[in-house]
Amino acid sequence: MVTIDWFHGPRDTLAELFELADDSATAIRAYRDLGRVLVARDGPSIIGHLQLVETEHPGEAEVKSLAVREDRQGAGTGRKLVERAAAVCREERGRTLLVATAAADTSVLRFYQRLGFRMSRIERDVFTPEAGYPETMVDGIPLRDQVWLSLSLHPPRH
Ligand SMILES: CC(C)(COP(=O)(O)OP(=O)(O)OC[C@H]1O[C@@H](n2cnc3c(N)ncnc32)[C@H](O)[C@@H]1OP(=O)(O)O)[C@@H](O)C(=O)NCCC(=O)NCCS
């Protein structure tokens with residue numbers, strides 16, 4: 001059974017998961033120790049993580065890093081991690097959960113939109129060699145631009 005809990009150990013232990021979520025070691029170094037981390041455990045093994053970081057705006061948090069071990073993907077763990085992060089933010093009276101991901105990665109864009117996130121803006125040329133990213137393609141699309149998505153935690157009642 002997969003359980004989701006806060007992680008209190010050294011972030012080094014999660015290096016492989018951080019690397020799965022972000023191709024730039026430079027970028028990871030800048031944020032790895034920020035915020036709080038939820039982990040998905042199956043028995044003693046950690047199979048996924050979600051790093052939750054407050055932004056400079058009150059009531060707003062960001063999913064800074066999220067990954068599920070490749071051999072355990074597609075079984076609902078990523079969804080559980082995001083749903084728990086959203087529940088935590090709601091309990092703490094948060095209003096918005098943000099995430100940024102690659103425009104090229106349409107499966108990840110699908111994943112977040114299935115969870116209720118909506119696209120809010122695009123930043124071009126974030127994933128550059130200067131920022132530590134390889135010149136690569138995802139499903140035939142150059143890895144280049146970044147999409148910001150947001151989940152409203154207290155949608156207005158109709
Ligand atoms: C993105 C990621 C965290 C999703 O975790 P997961 O445990 O595989 O996802 P889940 O099994 O919870 O899937 C939830 C939904 O998203 C869909 N989904 C997940 N990954 C998908 C993929 N690669 N392609 C298409 N759909 C996908 C699932 O089909 C499911 O949809 P459903 O509700 O219609 O069944 C995981 O694939 C991953 O670690 N990817 C590599 C790292 C990464 O890209 N991180 C995000 C960077 S911001």
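Arg110 reaches the ligand through its side chain: one of its N or O atoms is 3.1 Å from a ligand nitrogen atom. The model is predicted. Taken alone, the ligand exposes 900 Å², and the protein buries 75% of that. The ligand takes up the space of the largest pocket.

- Leu66 places a backbone N or O atom 2.8 Å from a nitrogen atom of the ligand.
- Ala75 also uses a backbone N or O atom, which lies 3.1 Å from an oxygen atom of the ligand.

**The shell around the ligand**
- The ligand is surrounded by 20 residues.
- Val68, Gly74, Gly76, Arg79 and Arg114 are the closest.
- By type, the shell holds 10 nonpolar, 7 polar and 3 charged residues.
- At least two shell residues come from each of α1 (15-21), β4 (60-68), α3 (77-91), β5 (96-102) and α4 (106-114).
- The top contributor is α4, with 6 residues.

**Overall fold**
- The protein has 4 helices and 9 strands.
- Read from the N terminus, the order of elements is β-α-α-β-β-β-α-β-α-β-β-β-β.
- Along the principal axes, the C-alpha atoms fill a box of roughly 45 × 40 × 30 Å.
- How does the radius of gyration of the protein fit a compact globule of 158 residues? Such a globule would have a value near 15 Å, and the protein has 15 Å, so the two agree.

Note on methods: Residues numbered from 1 in each chain as written. Predicted model: local features only at pLDDT ≥ 70, side-chain atom pairs only at ≥ 80, totals over all residues. Heavy atoms only, no water. Near = heavy atom within 4 Å. Polar contact = N/O pair within 3.5 Å; in protein donor to acceptor, adjacent residues only side chain to side chain. Areas by Shrake-Rupley, 256 points an atom, 1.4 Å probe, with all protein chains shown as cover. 1 Å grid on protein atoms, 1.4 Å probe; cavity = no way out; pocket = protein on both sides within 12 Å on 5 of 7 lines; lining within 4 Å. Sits in = over half its atoms within 2 Å of the grid points. Nonpolar A, V, L, I, M, F, W, Y, C, P; charged D, E, K, R; others polar. Rg over C-alpha atoms; globule rule 2.2 N^0.38 Å.
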